[in-house]
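This report concerns a pair of protein chains and how they meet. The sequence and model come first, and the text follows.

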2 protein chains.
Amino acid sequence: MHQEIERKFLVKGDFKKHTIKKYKIEQGFLSTVPERTVRVRIKDDKGFITIKGIGNNSGTTRFEWEKEISFKDAKNLLELCEPTVIKKRRYIIPTNNNLFFEVDEFFGKNKGLLLAEIELPSEDFKFEKPGWLGAEVTGQKKYYNSSISKNPFCNW
Amino acid sequence: MHQEIERKFLVKGDFKKHTIKKYKIEQGFLSTVPERTVRVRIKDDKGFITIKGIGNNSGTTRFEWEKEISFKDAKNLLELCEPTVIKKRRYIIPTNNNLFFEVDEFFGKNKGLLLAEIELPSEDFKFEKPGWLGAEVTGQKKYYNSSISKNPFCNW
């Protein structure tokens, strides 16, 4: 269990050429209650279960606990999840500060949505903002994956 | 992930003398939605996370997935759970069919409540009912631990 310090942004330009790695992600939620979200994720061929607590006021810091589970268990658990399961591709993009942006390109009912996240060592950590980074949406519930699964981008 | 076939009963007599093992259990729920309950449990010094699907019509059969986690993780996750965390002692009592009753004696806000459960190899499996076994309550939501945690025995 650790504290996750994270900021989230829209994406306004071409980021893909900076990618050093990408994954296919499929994920659903067993609970979308902000105080205790429970996520099931398949990342390429690996399964995970992740539990997050509520964020602080700014939405930057949340408790997070994650455990790897088998691909087969994750597939079965995804079937128990609330509709809709999210499908996205994640692009890993390094920064000059030895940090990484994770940019999610959503598919299905969320096609057209792009979100960039960066995990920081401290809340006030300064990092360089690349040209393709758009407006900050940290802490805006609409952009939580748990919200997106219930109210997808095609309905916005 | 397996299918759990289980029947649940009240307790009307002295069962303790038949006990072959007992545990201390502390458990909470990250989700009490019947389609996808997520339970965190500490059983003596071990931690577990358990996910159950909705029961069939009779309430006898439910999907169940369980994974052992560290005691420390379980302690931390219990703090994220919905109020109230359940505390109980579980007594294991063998039957003549090589099955086992698990009798739960609840504490705290559920003091006075006793529930016996038996896991069966098939839905129509016949088993001997000991004299201390009371009325069947299989499938009655009020007796689900997920319900008891929200609406404890002291309020009934």
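Leu30(B) is in contact with residues of both chains once its neighbours within four places in sequence are left aside. In chain A the partners are Ser31(A), Arg36(A), Val38(A) and Ile51(A); in chain B they are Val38(B), Val40(B), Leu80(B) and Cys81(B). Contact here means that the C-beta atoms of two residues, placed from the backbone, lie within 7 Å.

The model is predicted: local features need pLDDT of at least 70, side-chain atom pairs count only at pLDDT 80 or more, and totals for chains, interfaces and linings use all residues. Residues are numbered from 1 along each chain as its sequence is written, while chains are lettered from A and ligands numbered from 1 in the order in which they are written.

Leu30(A) and Leu30(B) have the most contacts inside the largest nonpolar core, which has 24 residues. Such a core is a set of buried Ala, Val, Leu, Ile, Met, Phe, Trp, Tyr and Cys residues joined through C-beta atoms within 7 Å. A residue is buried if 20 or more other C-beta atoms lie within 10 Å of its own, exposed if 12 or fewer, and partly exposed in between. The elements below each give two or more residues to the core; helices (H or I, at least four residues) and strands (E, at least two) are DSSP runs, numbered from the N terminus.

| Element of chain A | Residues |
|---|---|
| β2 | 21–31 |
| β3 | 36–43 |
| β4 | 46–53 |
| α1 | 71–80 |

Chain B contributes through β2, β3 (37–43), β4 (46–52) and α1.

The contact between the chains takes 16 residues from chain B and 16 residues from chain A. On the chain B side, β2, β5 (61–69) and α1 give two or more residues each, and α1(B) gives the most, with four residues.

The same surface serves both copies, since 100% of the contact residues of chain B recur in chain A.

Chain A itself has two helices and nine strands, in the order β-β-β-β-β-α-β-β-β-β-α from the N terminus on. Of its 156 residues, 28% count as buried.
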